[in-house]
Amino acid sequence: MSIWNCFFEMGIAQFFRLIYTEPMKRGFEYVKEMYPLTFMTIQEMVEKECDYQEFAGSMMFDEYPDKMGILRIVNRIFENIKKEEASCNGKECIKYPDDQWLKDIIMVLLLNEIYRRRQKRKGYY
């Protein structure tokens with residue numbers, strides 16, 4: 001089957017979604033692999049929380065997500081990181097500079113992840 005047959009049978013939107021979805025996903029995963037260890041750890045927790053929040057009617061997918069809801073998620077992730085930091089012993093422990101810095105990083109990573117999932121849900125990639 002030629003590429004043109006696929007194009008006309010599937011429709012324009014589905015065809016381009018098929019072509020661009022996988023490379024974009026691989027590109028994002030590749031970039032995440034370059035994150036510093038500290039950020040990679042936080043990103044994993046952010047993704048886990050977003051997985052938990054990803055359901056029909058979730059505020060993540062509201063046209064205008066509630067800032068207080070976002071801050072609650074940031075604080076929940078922050079508390080989990082602090083618990084993990086307190087229970088960690090040894091050389092592999094990650095110590096964060098200060099609490100506000102950590103909350104800011106969580107907020108940026110969370111907003112980025114929410115945006116990515118919203119775009120994915122809309123079918124952009």
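Helices (H or I, at least four residues) and strands (E, at least two) are DSSP runs, numbered from the N terminus. Keep that in mind for Tyr 30, which sits in helix 2 (residues 12–33).

Two notes on the source. This is a predicted model, where local features need pLDDT of at least 70, side-chain atom pairs count only at pLDDT 80 or more, and totals for chains, interfaces and linings use all residues. Residues are numbered from 1 along each chain as its sequence is written, and side-chain values use heavy atoms, with hydrogens and water left out.

Now the overall picture. The protein has 5 helices and 0 strands. Along the sequence the pattern reads α-α-α-α-α. There are 125 residues, and 34% of them count as buried. Buried means under 20% relative accessible area, exposed means over 50%, and partly exposed is in between (1.4 Å probe, protein chains only).

Next, contacts, meaning heavy atoms within 4.5 Å. Take the contacts between residues at least 6 apart in sequence: 68% of them join residues at least 24 apart.

Accessible areas come from the Shrake-Rupley method with a 1.4 Å probe; for residues, only the protein chains shown count as cover. The protein exposes about 8,900 Å², and carbon and sulfur atoms supply 58% of that.

Back to Tyr 30. Is Tyr 30 buried or exposed? Tyr 30 is exposed, at a relative accessible area of 51%. Together with Val 31 and Met 34, Tyr 30 makes a nonpolar surface patch of about 320 Å². Patches are made of residues with over 30% relative accessible area and no salt bridge; like charges are joined within 9 Å, and nonpolar side chains (Val, Leu, Ile, Met, Phe, Trp, Tyr) within 5 Å.

Compare a residue from helix 3. Gln 53 is found in that helix (residues 37–53). Gln 53 is buried, with a relative accessible area of 11%. Which residues does Gln 53 contact, leaving aside neighbours within four places in sequence? They are Ser 58, Met 60, Ile 73 and Arg 76.

Now salt bridges. A salt bridge is a side-chain nitrogen of Lys or Arg within 4 Å of a carboxyl oxygen of Asp or Glu. The structure holds 8 of them.

Start with Lys 82. Lys 82 is partly exposed, at 23% relative accessible area. Its side chain meets that of Glu 85 in a salt bridge, 2.9 Å from N to O. Both residues lie in helix 4 (residues 67–87), 3 residues apart, about one turn of the helix. Glu 85 counts as buried, with 13% relative accessibility.

Lys 82 also forms a salt bridge with Asp 99, where the closest N and O atoms are 3.0 Å apart. Lys 82 lies in helix 4 and Asp 99 in helix 5 (residues 99–122), so this pair ties together parts that are 17 residues apart in sequence. Asp 99 is partly exposed, with a relative accessible area of 39%.

Last stop, helix 5. Glu 113 forms a salt bridge with Arg 117, the closest N and O atoms being 2.8 Å apart. The two are 4 residues apart in helix 5, about one helical turn. Where does Glu 113 stand on accessibility? At 0%, Glu 113 counts as buried. Arg 117 is buried as well, at 8% relative accessible area. Salt bridges that share partners join Asp 51, Glu 54, Glu 113, Arg 116 and Arg 117 into one network.
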